[in-house]
Amino acid sequence: MKSYIKPWEELKFTDDYMFCKIMRDKKICKEVVETILNIKIKKINYIIDQEELRISPESKYVKLDIRLEDIDKIINVELQNINHRGLVKRARYYQSVSDVESTQKGLDYNDLKDNYVIFICNFDPFATGSPYYEFENVCLKHNPALKLEDGTKKIFLNTTATDLSKLDLKLQSLYHYIKSEKVESDFTNSIAQKLSSIKLKIKERKYYMTYTLKLMDYKKKGFDEGLQVGRNEGIKFGIERGTREKTIEIAINLLKNNMTIDFIEKTTGLSSSEIEKLRENIEDYKV
């Protein structure tokens with residue numbers, strides 16, 4: 001298995017490691033989220049990068065790029081460079097796990113905070129050409145304008161979109177920076193400056209190397225385990241196939257020696273219907 005470590009000097013805002021580092025700057029993170037959602041965030045209580053959440057030890061864990069909490073909101077931000085299957089279901093799961101994890105025992109349901117999931121995608125997740133997808137629960141029958149207003153939203157950005165005319169200028173500048181690193185505003189200039197300052201830190205470079213080496217170890221371990229499982233399954237399949245072919249060979253010989261169906265069934269373990277089928281096509285077999 002070949003692995004590739006992207007050189008430190010080539011890292012961009014859209015690389016997972018650098019994205020998490022830059023978004024740990026509360027001022028930048030606040031401005032990015034406010035620009036995407038077109039809302040004001042009062043205060044970021046905490047920002048945790050690559051946080052793992054799970055409802056119970058047996059449940060599937062959630063590994064989030066950025067998770068922040070405003071006074072009345074929970075916002076999860078995820079960078080997506082590859083169009084993995086199940087993106088929509090993952091958004092649903094993120095919200096459910098985040099709700100459960102943040103709900104204290106005895107809390108009234110009405111006290112649940114608004115819950116946003118943002119996917120910044122370097123591809124078009126719904127293949128319509130739209131730059132911005134926003135989903136919330138609405139009434140499908142009789143009154144589509146009626147919203148459930150349960151406080152949840154799922155946002156998907158398609159940063160590869162060519163027509164950004166429906167987005168405000170500040171959000172357009174973020175798309176342009178993500179797509180081509182073009183700095184068009186004070187907002188994206190702050191991101192670019194932060195990126196440059198991180199790259200100048202020798203300690204950060206060492207952290208990145210440690211991070212990538214560990215990531216490679218995890219991937220190699222997963223690859224090796226998958227390869228071994230594949231080998232074991234292949235050996236098992238080969239044995240089963242060989243045993244099956246030998247059983248058919250025995251049954252054909254017994255048929256050619258005019259043995260009864262009942263006798264062949266007991267001897268080989270084949271069903272009577274399988275043996276009858278072999279008898280009908282016996283000329284096709286060379287044993």
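Me: Which residue has its backbone oxygen 2.9 Å from a polar atom of the side chain of Gln 95?
Reply: This is a predicted model, so the distances discussed here are computed from predicted positions. Gln 95 is found in helix α3, which covers residues 87-102, and its contacts beyond four places in sequence include Tyr 116, Val 117 and Thr 152. The backbone oxygen that lies 2.9 Å from a polar atom of the side chain of Gln 95 belongs to Asn 115.

Me: Is Gln 95 buried or exposed?
Reply: The relative accessibility of Gln 95 is 5%, and a residue counts as buried when this value is under 20%. Because 5% falls under that cut-off, Gln 95 counts as buried.

Me: Which elements give two or more residues to the lining of the second largest pocket?
Reply: The second largest pocket has a volume of about 230 Å³. Of the 14 residues that line this pocket, the closest to its centre are Asp 114, Glu 149, Asp 150, Gly 151 and Thr 152. The elements that give two or more residues to the lining are β4, residues 114-121, and β6, residues 152-158.

Me: How many charged residues are in the lining of the second largest pocket?
Reply: Sorting the lining of the second largest pocket by class, one finds 4 nonpolar and 4 polar residues. The remaining class in that lining is the charged one, and the number of charged residues is 6.

Me: Is Glu 149 buried or exposed?
Reply: Glu 149, one of the residues closest to the centre of the second largest pocket, has its place in the loop between β5 (132-135) and β6. Its phi is near 55°, a positive value in a residue other than glycine. Because its relative accessible area is 69%, and a value over 50% is the cut-off, Glu 149 is exposed.

Me: How far apart in space are Asn 110 and Asp 150, C-alpha to C-alpha?
Reply: Asn 110 has its place in the loop between α3 and β4, and at 71% relative accessibility this residue counts as exposed. Asn 110 and Asp 150 are 40 residues apart in sequence, whereas in space their C-alpha atoms are apart by 9.4 Å.

Me: Which residues line the largest cavity?
Reply: About 30 Å³ of space lies in the largest cavity. By class, its lining divides into 3 nonpolar, 1 polar and 2 charged residues. The residues that line the largest cavity are Lys 12, Phe 13, Thr 14, Tyr 177, Ile 178 and Glu 181.

Me: What is the relative accessible area of Glu 181?
Reply: Glu 181, one of the residues that line the largest cavity, has its place in the loop between α4 (169-180) and α5 (186-199). Its phi is near 60°, a positive value in a residue other than glycine. Glu 181 is partly exposed, and its relative accessible area is 37%.

Methods. Residues numbered from 1 in each chain as written. Predicted model: local features only at pLDDT ≥ 70, side-chain atom pairs only at ≥ 80, totals over all residues. Heavy atoms only, no water. 1 Å grid on protein atoms, 1.4 Å probe; cavity = no way out; pocket = protein on both sides within 12 Å on 5 of 7 lines; lining within 4 Å. Points joined across faces, edges and corners; volume = space filled by probe spheres on them. Helix = DSSP H or I, 4+ residues; strand = E, 2+ residues; numbered from the N terminus. Nonpolar A, V, L, I, M, F, W, Y, C, P; charged D, E, K, R; others polar. Buried < 20%, exposed > 50% of the residue type's maximum accessible area, 1.4 Å probe, protein only. Polar contact = N/O pair within 3.5 Å; in protein donor to acceptor, adjacent residues only side chain to side chain. Contact = heavy atoms within 4.5 Å.
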